[in-house]
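I wanted to look both up with care and write down what I found.

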Amino acid sequence: MSLAARPGSFGSRFHNRLYERLGLDFVYKAFTTRDLPAAIGGIRALGVRGCAISMPFKEAVIPLLDGLAPSAAAIDSVNTIVNDAGLLTGHNTDYSAVAQLLDRAGIDPGTRFLLRGSGGMAKAVAAALRDRGHRSGVIVARNAAVGPRLAQLYGFDWAESDRGLTAPLIVNVTPLGMQGPDAEALAFSPQAIDAALTVFDVVALPEETPLMRAAQAAGKRRISGAEVAVLQALEQFVLYTGIRPDPDQLRDAAAFARAA
């Protein structure tokens, strides 16, 4: 199952497609909740094998769990819960997905970046950048309490807005451009987009956010949230089932999930 403020169909289609292809007796459902403690208690009481956790629950869920895997403990953010006989452990598969995509794109660790956001996913991205060797970057966050702390934690600078700021790599880790009230919002200024070489938007739904469309129009290299969604969902699938799909099965599940 999954818990998110704005449940989508990608995870359900991805996981259920693989369960069907591999003949596994699992089912995946997406939910939202206004009572996170009760929802987590339900996972424990009903014996739900696992749960994906999305915004805005990635940090709030931590006190409700029995422990954290190293991937989640390192950044105090959870995107996956695994239930082993009532023992709930938090994991984070966002971190590895982001690192893989930056590596695949050939982003030099010396590349300066702007990262917009300060929540749980922003921690995963900031940690991946730091651990790849990036030393020059700015966390752009309006929250003057959380933003500077995040920047200090990972050794980067902080700014309240991206006004007048540019960098070769820009990364959006906010709901701007996501389906809902912020669907038409552009996460970075046109000037920042024009100056960038690579534009990375972690918003997965829709895949073509205003930022991604602007990057394509400007001829920039793009990394999409849909790519993050596939890689992190793959690692979730492995955690839940202990089975790693082969490349053909993964491509099929990703295509099926995107076709919704």
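The entries below go through the salt bridges and then the strands.

**Entry 1, the model.** I noted at the start that I am working with a predicted model, and that its residues are numbered from 1 along each chain.

How many salt bridges does the structure hold? I found that there are twelve, and I looked up some of them in turn.

I began with Arg130 and Asp131, whose side chains meet in a salt bridge with 2.9 Å from N to O. When I checked how open these residues are, Arg130 came out as partly exposed because its relative accessibility is 29%, which falls between the cut-offs of 20% and 50%. Asp131 also counts as partly exposed, at 44% relative accessibility.

I then turned to Arg213, which forms a salt bridge with Glu184, and here the closest N and O atoms are 3.8 Å apart. Why can I say that this pair ties together separate parts of the chain? Arg213 lies in helix 8, residues 210–217, whereas Glu184 lies in the loop between strand 10 (169–172) and helix 7 (190–195), so the bridge links parts that are 29 residues apart in sequence. I recorded Arg213 as partly exposed at 40% relative accessibility, while Glu184 is exposed, because its relative accessible area of 65% is over 50%.

I also looked up Arg244 and Glu235, whose side chains meet in a salt bridge at 3.0 Å from N to O.

I next followed strand 7, residues 113–116, and asked which way its side chains point. Phe113 and Leu115 point one way, Leu114 and Arg116 point the other way, and I noted that all of them are buried.

Which strands does strand 7 pair with? I found four bridges joining strand 7 to strand 8 (residues 137–140), and these two strands run parallel. Within this pairing, Arg116 stands opposite Val140 of strand 8. To get from strand 7 to strand 8, the chain passes through helix 5, residues 120–132, and I wrote down that this β-α-β crossover is right-handed.

Strand 7 is also joined to strand 10 by four bridges, and this pair runs parallel too. Here I noted that Leu114 has Ile170 in strand 10 as its bridge partner.

Key
This is a predicted model: local features need pLDDT of at least 70, side-chain atom pairs count only at pLDDT 80 or more; totals for chains, interfaces and linings use all residues. Side-chain values use heavy atoms; hydrogens and water are left out. A salt bridge is a side-chain nitrogen of Lys or Arg within 4 Å of a carboxyl oxygen of Asp or Glu. Buried means under 20% relative accessible area, exposed over 50%, partly exposed in between (1.4 Å probe, protein chains only). Two strands pair if DSSP finds at least two bridges between them. A crossover is right-handed if, with the strands pointing away from the viewer, the path from the first strand over the helix to the second runs clockwise.
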